[in-house]
Amino acid sequence: MNIHENVSLKPYNTFGLDVNAKYFIEIKQLNDLKEIVKANKSDKLFILGGGSNMLLTKDINKIVVKLDLQGISVLEETNDYVLVEAQAGENWHEFVLWCIEHNYGGVENLSLIPGNVGTTPIQNIGAYGVEIKDVMHSCKALDMKTLEIVEFTNAQCQFGYRESVFKNELKDKYIIISTTFKLTKQNHVLKVDYGAIKGQLEEKNITEPSIKDISDAVIEIRESKLPNPKEIGNSGSFFKNPIVDKATFLRLQNAYPKMPFYTVSDEEVKVPAGWLIETSGFKGYRLGDAGVHEKQALVLVNYGKAEGGQIKKLSETIQREVYNLFGVSIQAEVNIF
């Protein structure tokens with residue numbers, strides 16, 4: 001293992017922020033991960049995955065551990081389903097494409113989400129009507145105190161909307177090393193009613209879509225309105241869509257009859273944060289090199305030389321103005337350091 005000193009993390013975070021790591025190590029073997037954890041207390045380590053769901057506002061005065069465990073394997077298979085285990089360092093979108101190539105269904109709606117497999121259960125990533133909780137069978141994690149490998153079932157992960165036990169009670173106590181997904185081999189359950197998928201398929205005259213058709217549609221939709229992090233620094237959706245109670249929703253709907261919404265339950269409704277931000281006048285807003293993307297108000301961007309602190313300040317300004325206008329709090333989906 002080679003530990004490097006004073007390494008720029010600009011290539012390792014999708015915002016492209018030039019912050020410094022006091023120490024940096026890339027881990028490709030589980031035994032090496034155990035060794036570095038054994039030699040350091042958890043508060044001395046900063047675990048880095050794909051760098052796609054983070055906003056770095058300062059230098060990291062710790063050992064940054066770039067988790068790069070690789071491998072995909074089939075654990076179990078029947079005529080109807082398959083259990084596929086992917087190591088934490090596998091790129092998420094590449095894993096989705098691998099599944100589609102093998103005709104394994106369930107993750108096609110999650111195409112083109114940035115990041116690595118290991119962080120997907122932490123965040124319970126989701127898009128177009130599908131979340132990780134819908135397809136995840138279990139995950140394995142390294143106990144940072146005992147160095148034992150512990151397997152967590154789907155239920156034990158305590159998934160919520162962009163939430164899991166790893167963001168709460170077990171935060172900084174485990175490092176996810178692999179995730180196993182239960183995917184369909186036939187009779188795929190296709191979800192085409194969320195967002196613009198159905199319209200995209202109709203445009204191509206596709207009436208009986210395959211999982212690849214859905215994946216292609218999602219990729220085209222995302223590419224049409226979300227900036228490529230390799231071209232403009234960003235972390236995808238910066239804010240969570242707020243879930244409001246029925247009374248708040250009716251108040252908002254009365255004031256804004258055309259407001260889009262998604263019913264969560266009889267008592268709760270999800271309101272698109274992007275709509276709230278755009279209606280507040282922030283779409284395309286720019287403060288130096290920190291800005292709100294011109295095509296998708298949910299995405300904050302680094303146009304080149306923005307600092308993490310500037311993007312954080314912009315996000316706080318948006319939160320404040322959205323609350324002042326609508327009386328609704330929007331929370332960051334991105335982890336801020």
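These are my notebook entries on a predicted model.

**Ground rules**

I number residues from 1 along each chain as its sequence is written, and I use heavy atoms for side-chain values, leaving out hydrogens and water.

**Entry: the open sheet**

I looked up the strand order and found five strands in an open sheet, E6-E7-E12-E10-E11, with antiparallel pairing. I call two strands paired if DSSP finds at least two bridges between them. My helices (H or I, at least four residues) and strands (E, at least two) are DSSP runs numbered from the N terminus. E6 and strand E11 (149–153) stand at the edges with a single partner strand each, so one side of each has no neighbour in the sheet. I noted an average twist of 25 degrees from one strand to the next. Helix H1 (residues 30–38) packs on this sheet, where it touches strand E10 (136–143), E11 and E12. I count heavy atoms within 4.5 Å as a contact. The direction of H1 makes about 145 degrees with that of E12. For such angles I take axes as lines fitted to C-alpha atoms, for helices over the stretch in contact, and let the angle run from 0 to 180 degrees between N-to-C directions.

**Entry: strand E7**

Next I went to strand E7 (residues 81–87). Five of its seven residues are buried, so the strand is largely enclosed by the rest of the structure. My cut-offs are under 20% relative accessible area for buried, over 50% for exposed, and partly exposed in between (1.4 Å probe, protein chains only). On one side I followed E7 to strand E6 (residues 72–77), its antiparallel partner over five bridges. A hairpin of three residues joins E6 to E7, and isoleucine 72 stands opposite alanine 86. I then traced the antiparallel pairing of E7 with strand E12 (residues 174–184), which runs over seven bridges. There, valine 84 has phenylalanine 181 of E12 as its bridge partner.

**Entry: aromatic rings**

Phenylalanine 181 turned up again when I checked the rings: Phe181 forms one aromatic cluster with Trp92, Phe95, Trp98 and Tyr104. Over the whole structure my search gave 16 aromatic pairs. I pair rings of Phe, Tyr and Trp (its six-membered ring) if their centres lie within 6.5 Å, and call planes under 30 degrees apart stacked, over 60 edge-to-face and the rest tilted.

I opened two of the pairs. The ring centres of tyrosine 12 and phenylalanine 24 lie 4.7 Å apart with planes at 35 degrees, so I logged that pair as tilted. Tyrosine 12 is in the loop between strand E1 (4–8) and strand E2 (20–27), and phenylalanine 24 is in E2, so the pair ties together parts twelve residues apart in sequence. Tyrosine 12 is partly exposed at 26% relative accessibility, whereas phenylalanine 24 is buried at 3%. For phenylalanine 238 and phenylalanine 239, the centres are 5.0 Å apart and the planes at 65 degrees, so I logged this pair as edge-to-face. Phenylalanine 238 is buried at 0%, and phenylalanine 239 is buried at 1%.

I also checked for charges over rings, asking for NZ of Lys or CZ of Arg within 6 Å of the ring centre and within 35 degrees of the ring normal. Lysine 182 lies over the face of tyrosine 81, 4.4 Å from the ring centre. Arginine 286 lies over the face of tyrosine 303, at 4.1 Å.

**Entry: helix H6**

In helix H6 (residues 246–255) I found Thr248, Phe249 and Leu252 buried. Down the helix axis these buried residues fall within an arc of 100 degrees, so they line one face; I take that arc from the directions between the helix axis and the C-beta atoms. They pack against strand E14 (243–245), strand E16 (268–270) and helix H8 (308–326). On the face turned away I saw the exposed residues Ala247 and Asn254.

**Entry: positive phi**

Last, I looked at two backbone angles. Asparagine 103 is not a glycine, yet its phi is positive, about 60 degrees. I placed asparagine 103 in the loop between helix H2 (92–101) and helix H3 (120–123), partly exposed at 37%. Leucine 147, also not a glycine, has a positive phi of about 65 degrees. Leucine 147 sits in the loop between E10 and E11 and is partly exposed at 21%.

Definitions and conventions: Predicted model: local features only at pLDDT ≥ 70, side-chain atom pairs only at ≥ 80, totals over all residues.
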